[in-house]
Amino acid sequence: MHLDLLAIAAHPDDAELSCGGTLLRMAQQGYKTGILDLTAGEMGTRGTPETRAKEAAEAGRILEISWRGILGVPDSDVQANRANKLLLAEKIRELRPKTVILPYWEARHPDHYHASTLGYEGCFLAGLKQLPIGGAAYRPFKILYSTAYADIRPTFVVDVTAQYDQRKKAILAYGSQFPARIPENKGGVHLGLDELENEMSMLARRYGQMIGARYGEPFLIKELMKVDDVVKMEVRSI
């Protein structure tokens with residue numbers, strides 16, 4: 001399996017929430033896309049790993065991805081240690097993605113920001129020929145950081161207007177995580193469907209508005225972007 005685009009996320013449903021529309025749009029354009037969940041989400045308050053695996057499979061089907069897998073890192077203990085980096089590097093060599101989407105490196109949940117570091121270092125180590133793991137040395141060409149929940153200005157935004165409804169269906173496939181009602185005990189971080197849908201719409205509309213579209217998903221890259229035709233650049237300046 002050689003993927004064109006691979007999203008690496010800490011838990012099942014993270015990729016759907018942060019870049020599901022982009023994954024779907026790329027799949028609809030003929031690219032092979034995939035999601036690698038670092039954990040099975042076994043520490044979540046709601047749902048069992050088995051339930052979440054079924055929900056993830058259904059969400060992946062809705063997003064038309066070509067591949068999905070779980071790396072097997074412990075939930076609530078995602079760390080960029082040597083063992084995890086080698087495990088991820090071997091998976092990168094197996095899937096050989098051209099472009100990788102990682103979580104932004106600052107987040108409320110430690111698993112998310114550790115997933116960003118682990119993802120980058122795993123991708124880098126995969127290119128070392130002498131690394132004692134299986135597969136031929138390989139390194140992705142491009143790394144994108146999803147910034148949907150970060151209060152920073154993204155490098156670019158992908159128009160996901162045409163994919164928005166299907167993206168929402170993929171997110172709502174996680175019925176164990178997003179119940180129809182918020183529980184009586186509001187001390188946790190559970191979201192009801194109404195609240196989730198409202199938050200999703202606000203974020204997607206905010207970034208869509210930045211590029212003159214209805215819905216958008218934001219990304220950040222660390223390197224400069226190359227533009228060959230400045231006359232055909234999109235999004236109005238004035």
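Which residue in β5 is the bridge partner of Thr 99? The partner is Lys 142. This is a predicted model. The protein has six helices and seven strands.

**Overall build**
- Along the sequence, the elements run β-α-β-α-β-α-β-α-β-β-α-α-β.
- The radius of gyration is 18 Å, which agrees with the value near 18 Å for a compact globule because the protein has 238 residues.
- Along the principal axes, the C-alpha atoms fill a box of roughly 50 × 50 × 30 Å.

**Packing and contacts**
- Of the 238 residues, 47% are buried.
- Among contacts with a separation of 6 or more, 80% join residues 24 or more positions apart.

**Surface and charge**
- The accessible surface is about 12,700 Å². Carbon and sulfur atoms account for 52% of that surface.
- The protein carries 30 positive and 30 negative charges. Their mean positions lie 5 Å apart.

- Thr 99, Ile 101 and Pro 103 point one way from β4. Val 100 and Leu 102 point the other way. Both sets are buried.
- Strand β1 (residues 5-9) pairs with β4 in the parallel sense, over three bridges. Here Leu 5 stands opposite Thr 99.
- Strand β5 (residues 142-146) also pairs with β4 in the parallel sense, over five bridges. Here Thr 99 has Lys 142 as its bridge partner.

Methods. Residues are numbered from 1 along each chain as its sequence is written. This is a predicted model: local features need pLDDT of at least 70, side-chain atom pairs count only at pLDDT 80 or more; totals for chains, interfaces and linings use all residues. Side-chain values use heavy atoms; hydrogens and water are left out. Helices (H or I, at least four residues) and strands (E, at least two) are DSSP runs, numbered from the N terminus. The radius of gyration is taken over C-alpha atoms; the globule rule is 2.2 Å times the number of residues to the power 0.38. Buried means under 20% relative accessible area, exposed over 50%, partly exposed in between (1.4 Å probe, protein chains only). Contact means heavy atoms within 4.5 Å. Accessible areas come from the Shrake-Rupley method with a 1.4 Å probe; for residues, only the protein chains shown count as cover. Lys and Arg count as positive and Asp and Glu as negative; His and the chain ends are not counted. The place of a charge is taken as NZ of Lys, CZ of Arg, CG of Asp or CD of Glu. Two strands pair if DSSP finds at least two bridges between them.
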